[in-house]
Amino acid sequence: MDRRTDVRTRRRAHRWWAVLARGWPLALALVLAVLGALSAGGVEEALTPGGFRADSTPSAVAERRLDTEVGAGTPDLIVLISGSESAAVARDSEAVASFLGGAGGVGRVTVSPAPGDGPTVVTAVLSGDESESRRTLDTVRDALPPPVDGVDRQLTGRAEVLREDDLLGREDLARAELIAVPVTLVLLVLFFGSVVAAAVPVAIGVLAMLSTFLVLSGLVHLIDVSVFALNLVIGLALGLAIDYSLLVVTRFREELAAGADPPEAVDRAMRRCRRTIVISAVTVGLCLAALTAVDMPYLRSMAMTGVAVVALVATLTLVVLPPVLRVLGRRIDAWSVRRVDPSRPGRGVTALLGVSRRHPVVVALGVSALLLILLTPAFGLRLGTLDDRVLPPDAPSRVAAEQLRAERPDLGSDPLVILADGIDPGVLAERVSRVDGVTAARGPDGTVTDGRTTGPGDPTLRRGSVAAVEVVTAPGLTQPEQQDLAEQVRDVVAPAPVAGTYSDDVDTRQAVSDRAIPVALLVMAVVLPLVFLLTGGVLVTLKTLLMAALSLTATFGAMVLVFQEGHFADLVGVTATGVVDSSTPLLMACLAFGLSMDYQLFLLSRVREEYDRHGDTTRAVVDGVSRTAPVVGAAAVLVAVVFLAIGTSGISVVRMLGLGMALAVLVDAFIIRLLLVPSAMLLLGDANWWAPRPLRAVFERLRIRES
């Protein structure tokens with residue numbers, strides 16, 4: 001009896017030891033997740049504000065020189081001081097200006113008393129880049145003298161807007177996580193019919209999300225990571241982890257249903273999914289990596305952190321998920337709520353495929369025409385910069401900025417600042433004062449209006465041989481009008497460089513536009529070989545790129561229609577400014593293109609697998625689309641849910657990115673892949689797989705197979 005008990009105990013211990021031995025990747029991942037959770041606070045503190053301005057453009061160089069050599073530049077902090085008693089307002093504004101003038105890291109300080117009932121305005125230039133300006137702002141905000149009785153203060157300006165963006169972004173991230181995780185869990189239960197099966201992808205997603213903080217904690221010490229990149233990379237980690245895990249769990253359940261033992265089912269599932277996941281990660285990662293070619297810190301940080309996160313998610317899925325499935329075994333179907341066959345397409349999918357099969361020409365032409373019609377608003381796309389209206393209407397810095405525009409029109413719109421080095425600042429002031437839209441030009445020797453000196457200058461605008469000329473622009477200008485005015489001013493005073501929000505905007509738009517085609521060519525150069533080595537056909541490869549591009553049409557059309565022109569802006573909850581943030585279209589294009597290629601490669605690999613089996617293209621297309629549609633459709637819906645959660649952000653640029661990506665993913669899943677892809681492939685027939693003899697030899701030698 002004792003011997004039998006001892007044997008049973010040793011066998012039980014051996015089984016647990018085997019489980020632990022196989023489960024070490026899971027234990028390591030849990031440790032990484034805990035460390036990531038602990039490092040989250042430090043990561044958020046180390047993120048850099050902004051990053052939407054190109055670093056090496058003439059306006060950026062001029063801004064730095066004005067800061068270091070003259071102490072002038074575009075105001076970073078604006079304090080509005082108002083009250084019923086003018087004497088109290090005067091005392092408070094003098095106290096604020098005196099404090100700011102003596103504070104470290106603060107450059108030129110100006111006081112503009114109200115000509116009527118408007119507020120007195122104190123402006124300050126904060127030295128250094130955006131990170132240094134943020135540290136200075138935090139210091140002076142906490143140390144500002146208390147306001148005089150009966151006086152009200154409001155803060156705005158570029159640095160203050162970025163500070164509120166940062167704080168609001170952290171709240172948005174927490175809300176997005178609280179929305180995305182439970183909603184995806186419910187949807188997965190409906191898809192799998194089992195609570196345990198649904199919980200596995202969500203658990204891997206949460207694990208990836210927490211581990212991402214650990215990766216970021218290392219990256220912030222190597223590169224500047226924009227605070228705006230945090231929401232997107234965390235959402236990308238969650239979405240891709242659920243996406244990849246969904247694929248593996250579905251395959252695992254199919255193998256179990258086919259009669260395989262759990263260990264064998266795991267091995268078969270991983271053999272079939274491993275290369276698909278690796279190719280997907282490489283595709284998405286390369287599309288994001290192309291953004292490093294753009295001279296914009298935000299896009300570069302998004303590219304590098306995105307690549308690192310995609311690699312992390314793929315590694316976690318391939319390393320951690322297999323031991324989880326081995327431990328669960330047939331218990332993967334535990335807590336079943338309904339019977340579901342994920343490999344069986346629904347009636348809607350079957351009906352759509354039937355339409356594509358019977359009328360491929362009509363479907364291909366009709367869907368293509370619809371997508372091109374949806375694209376038409378994008379032909380009016382106008383890139384621009386972010387201002388206070390990126391924040392919700394009730395944000396304090398936006399409220400202050402709106403009041404400044406409404407009650408102090410004498411201060412004009414956003415100012416421009418000319419750097420005069422070796423050029424007489426008086427000559428520059430006289431030239432620029434004649435430009436339509438310029439109300440005055442203030443230099444060290446005088447204030448000039450319409451070519452005539454109308455007031456004293458400001459001697460503090462000169463240090464040695466270097467001087468600054470401040471250009472006061474007309475009030476009430478829209479963003480497109482300010483862009484046009486900045487270009488006119490730059491032309492008039494050339495070769496003198498011009499700094500300021502909208503001069504910087506001109507250079508940033510040019511930097512993005514100049515790199516758009518190289519980025520597109522770079523993406524195609526790395527994606528084309530992957531598609532060909534998976535399919536072996538030249539026409540199907542080119543068709544795949546075209547389909548991925550068409551998936552962006554509705555997104556770009558809606559982006560311009562809503563966020564630029566203002567249609568349905570109230571419904572979406574944003575304020576249209578007449579422009580779209582310069583960085584968003586390129587980022588959205590690379591990310592959406594990568595995800596579209598990800599899903600299309602999965603579909604095409606299955607179609608090619610079916611074609612190799614029996615050589616019938618029509619049957620291969622129908623069977624391939626039918627068998628992948630449930631999984632790929634579910635994955636697209638889940639990724640869209642994550643992006644929709646990101647789209648609940650109060651920051652308009654993040655909302656635009658989240659909603660736009662969700663729309664792109666859904667259009668790709670339910671219009672491109674269920675209608676356009678099958679109809680186009682059915683029209684091409686066996687020509688899908690044609691390739692010249694040299695390329696055919698390359699394909700046969702280097703072919704990528706799913707298993």
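Begin by selecting strand β3, residues 120-126, which is mostly covered: seven of its seven residues are buried (under 20% relative accessible area with a 1.4 Å probe, protein chains only). Strands here are DSSP runs of E with at least two residues, and helices are runs of H or I with at least four, numbered from the N terminus. This is a predicted model, where local features need pLDDT of at least 70, side-chain atom pairs count only at pLDDT 80 or more, and totals for chains, interfaces and linings use all residues. Residues are numbered from 1 along each chain as its sequence is written, and side-chain values use heavy atoms, leaving out hydrogens and water.

Now show the side chains of β3. Thr-120, Val-122, Ala-124 and Leu-126 point one way, while Val-121, Thr-123 and Val-125 point the other way, and all are buried.

Strand β1 (residues 77-83) runs antiparallel to β3, joined by five bridges; strands pair if DSSP finds at least two bridges between them. Look for Leu-80 opposite Val-121. Strand β2 (residues 106-112) is also antiparallel to β3, again with five bridges, and Val-106 stands opposite Leu-126.

Finally, which residues lie closest to the centre of the second largest pocket? This pocket holds about 820 Å³ of space. Of its 39 lining residues, Pro-49, Gly-128, Asp-129, Glu-130 and Ser-131 are the closest to the centre. Colour α2 (24-46), α3 (58-70), β3, α5 (130-143) and α6 (158-192), the elements that give two or more residues to the lining. A pocket is an open set of points on a 1 Å grid over the protein atoms alone, where a 1.4 Å probe fits, with protein on both sides within 12 Å along at least five of seven lines; lining residues have an atom within 4 Å of a point.

Terms used. Buried < 20%, exposed > 50% of the residue type's maximum accessible area, 1.4 Å probe, protein only. Points joined across faces, edges and corners; volume = space filled by probe spheres on them.
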